[in-house]
Every structure is written in C-alpha cells, then in structure tokens.
Amino acid sequence: MIPEGDCTSAAPNDAARARREFHWGVATSGYQTEGGYNGPGEPLNNWAWAERDGDVPVSGRSADFWNQSPHDFSLCQSMGLSAFRFSLEWSRIQPCYELPPKKDGALPPPSFDDEALHHYAALIANCRRAGLEPVVTLHHFTHPAWLGMDAWLEPETVTHFVEFVRHTVSYLLRVLPTEFQCAPPRYFITVNEPNMLAINHYLSRAFPTNRRTSLGLTVQCLGHLLEAHARATLAIRELYAGQTVRPQVTFNNYCSDLYWTDGATIDLFFCRAKGVPRSKIYSYLRKQMHQFNRDFLTSRLLPQSSIRFHIGEWIKRWHAPIGSWALHQPSWRRVIDLIYSSPEPLLDYIAFDYYDPFVAHALRWPHFGDYEPRRRSLRDWLLESLASKWWDWRVLPEGLAFFARQLARRGLPLLIAENGMAQRRRPDNTAFNRPDRVARSSYLREHIRQIKELLTEGCPLIGYLHWSLVDNYEWGSYTPRFGLFHIDYTTPQPGRIAVDYLGDNPSETYAEEVRRFRE
C-alpha cells in the first residue's frame, strides 16, 4: 500500500537535493506552435473543419516551432532553463490529407510518416544538446482528422491511440541512440488535460463537435481518455523494459476545485495501491471529496462572503452525485479493470496545470466587448459572453501552493506542467489591459516565490514549466497571449520579441529568478 505523503515529511538533505535537481522550463504544444496544419497539402486534425468553414481563424504558421525549434532551445538555454515540454503530434505522425465527411465521418487508418518522426527525433536530440530535459506529450487536445470530429466518443479510438504510441516510442528507442547518440525521453505525458478536453467538447462546446451539450457525452469522453492513458502507460513500460532508464509516465489535469472533474480522476488511479476494494471505490472517493472540500474552506483562499463564492459552493453540491454515475459507465469500468489488474499504480508522477482553478471564477457578468469573431449559435454566443476569458482569470499564487500540498498526499513527485497568464492582444497588435493590470514579470515572481516556499517545506516538486515560451494559437484565436516572448503576427516571419507592449521583459525576469534560485 502507498502511504500518505505531505510537504513536511522530507528530511533536510532530501529537500536540498530536490532544489539542486529541480527543473525550470517552459511548456508548448504542437498544433499551437508548430504551424503547418490544416492548410493545402498539410496534415489535417480535428480542427480542420472549423478552420475550413470559417468557424475559427486559421492556425497558419503559428509560431513556426517546426522550423524554429533550435532557436527556441537556444533561448531557453540562455535563460538557464533545464526542461522543455512539447508534443509529438499524432496528426503529423499518422497524417491524412483528405477530410472525411463532417458528420460522423471517418477514414481507415493511414500509414505512419517516419519522416515526421525523424524530425521529432532530431528535435529531441537538439533539446538535449541545449541542456534541456524533454517532457514529451503524446496527445495535446488534437487527433488526426481521419478519426472523425468526435473520435473520443468511440472506444476504437483508444486502440488507435495505443498503436500510435507504440509505433512512436519504438521508433524513438531505436533511432535516438543509434543515429543521434541521444538518450530517449524519460518523462512522458500521455494525455493533456483530459478533464478539460471532455468539458470543452461536450459541455462548453468551445472545441469543435457535431454533438449537443451533454453531461453523458462528457463523462464518456473522459472515460475513454483515461483508458487511453492507462493502456498507453502499460505499452510504454513494456517498450522500455531492458532500457537503462525507467520511463516516468502520467497525465496532467487542469487544476479544479470541483473534485469530480480533477482530484477524483487522480485518486482513482491509486485505489488499488491504497487497498480500496472495488466495491468501495465510490465511498472512498466521496470521502476524499469531503476532505478536499473541508481543506478548501479552511484555506480561505477566496472571500467567503462574496456571491461568487456561494455560487461556486452551490455548483459543488450539484456536481457531487456525478461520480457514482460515472463509475458505472462502460468506459470507466474498463479503466477500473486496468487499474486493478496492474501490480503498481498507472501514474509514475503527478503533473498538474495551475491557472485559475476555482469554479467561483468561471462566470462573469455578461460582456460582449471581447467576443472572438467565430460562427456560433445564439446560445453559444450568449454563453461565451458569460464565461470568463483567459485575461479574466484571477491571479492567486497561494492557490498553487494549496493544490501542490493536496497532491503531495498521494506520495509521488509533482510537476507543475503548465502555469501562466494571458494578456489580450489581437493579431493586428491592438492591445488591451488586463482587468487587474498585472504584468507577466509580477506573475512569475509571485508564483516562483510559492514554489521556493514549497521546496523549503519538503514538497516533492520536481519542476515548473511556464506556459508558454512564445505566443501561440490558443484554440481558435491568436488574441490570448501567454508567451515569455511576444510574436508580431503582422510581419512575414514570427520572430521572438522579448519586451511586450507594457515594456515588461518576462523572459529576463524568469532568467533572473532561476539564477537567484540556483545561487
């Protein structure tokens, strides 16, 4: 059985070693930064229909990371960073160049493109040569168009994904040591934010879908994504058998104070190791939920007299019964079968993304001034006016410490896989102030201060990855700007600009904070 951990149980020598070995880095994703998707003669993913039909702006060249990755690694090296997260895009490695019918269409699986894989192998080698530990994501919100738009509602997609993982990882294990004299990746993230992927498709409909809003489809999609993680983890462990390095495999959730959309999916993977009988899974998770909610109230992270706070607490009470129903769905039963047939937990470390995780902040008073031009129904348009935008997300660094301490109880190393803030700047460079007027350098300093305190406590943090290195295509829009380096999309080439429109230089700030930490 796995014992409960916390942030105070580490010995002083362990805490000192953790500081020495701590990774500072950045996080990116392929579709958002590489460029070269969904145009003529380019690989097509599940956003291709939306780009073709004008529902969202085309992704185009984005940050051109596919060609500029060596330069980006050099930027990270100059900042003193030691880790870089990127994705190996399924849509590029097993591509199709013809769109199936938009409504429930799919095509037979095409061949793998080993030229694309070779490019990714070279990218990993360049990453290592720059002194950066690669953190490899295998699915970051997108899938090949040949699977159809709503692929994760189909159990067959799990099988296709595992085949992609096997081919990709086998290729890297074979080619990296022989051709590039480079060690294979150690850290894998199988599925990025499975909780948000399911919600964005089938509750908020912020991502392309042919289906109506449905809680049942959300639960079904999430179950298939968790099954994909479990089966991919087993495949990667099998492929690495006999290697000198043991792979560290996980998925990363978007932090949320709604337990059943975040904490429960993590706790589920520890049930067998904690000695929880299968018949008691729901009661165990419900007990964990009550403990989390009590800890949240005790922390007093949010003003408890505000209307927002009480709306958030009402939503928590409403969503609590979802867990029992979800656990009885076929996709979730298959996940439980995999968990209870594995001799060890199907998580090697815990990765989490911290932005604004509080459901009390999810809604705002109706506002139409920052509406993104896209073709949406009247219902979706009204909902979008009520939903908080990226630049509305509250800055609450103390919340990062709260979630880290909660997750430390699982007894595994922790990686902050994403953390960042958005500014609002249109592609034509029209800029707007954030409501709170916070600059990115201030945001970085405050969150890094929390990380230092956590490490001093003995929290098992192994790294912090800032989202993101450069501005990118933020899921149908170029307006949210998360980059340490700004991109001017009005110029022929997407260069990296260190000083933003406020006169702030966040990359310089990050480098200075890392230098001070190491001193």
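**Notebook: Glu133 and its chain**

The cut-off I used for buried is under 20%. I note that this is a predicted model.

Next I asked which element holds Glu133. Glu133 lies in strand β3, which covers residues 133–137.

Then I listed the contacts of Glu133, leaving aside its neighbours within four places in sequence. Two arginines, Arg128 and Arg186, are among them. I also noted His23, Ser82, Ala83 and Phe84. Cys127 and Tyr187 complete the list.

**The whole chain**

I moved on to the fold. I read 18 helices and 11 strands in the chain. The radius of gyration is 22 Å, close to the 24 Å that the globule rule gives for 519 residues, so the chain is as compact as a globular protein of that length. For the extents, I took the C-alpha trace along its principal axes: about 55 × 55 × 50 Å.

What share of the 519 residues counts as buried? I found 61%.

**Surface and charge**

I looked up the accessible surface of the chain, which comes to about 20,000 Å². Carbon and sulfur atoms hold 56% of that area.

Last, I looked at charges. The chain has 57 positive and 57 negative charges. Their mean positions are 5 Å apart.

Terms used
Residues numbered from 1 in each chain as written. Predicted model: local features only at pLDDT ≥ 70, side-chain atom pairs only at ≥ 80, totals over all residues. Heavy atoms only, no water. Helix = DSSP H or I, 4+ residues; strand = E, 2+ residues; numbered from the N terminus. Rg over C-alpha atoms; globule rule 2.2 N^0.38 Å. Buried < 20%, exposed > 50% of the residue type's maximum accessible area, 1.4 Å probe, protein only. Areas by Shrake-Rupley, 256 points an atom, 1.4 Å probe, with all protein chains shown as cover. Lys, Arg positive; Asp, Glu negative; His and termini not counted. Charge placed at Lys NZ, Arg CZ, Asp CG, Glu CD. Contact = heavy atoms within 4.5 Å.
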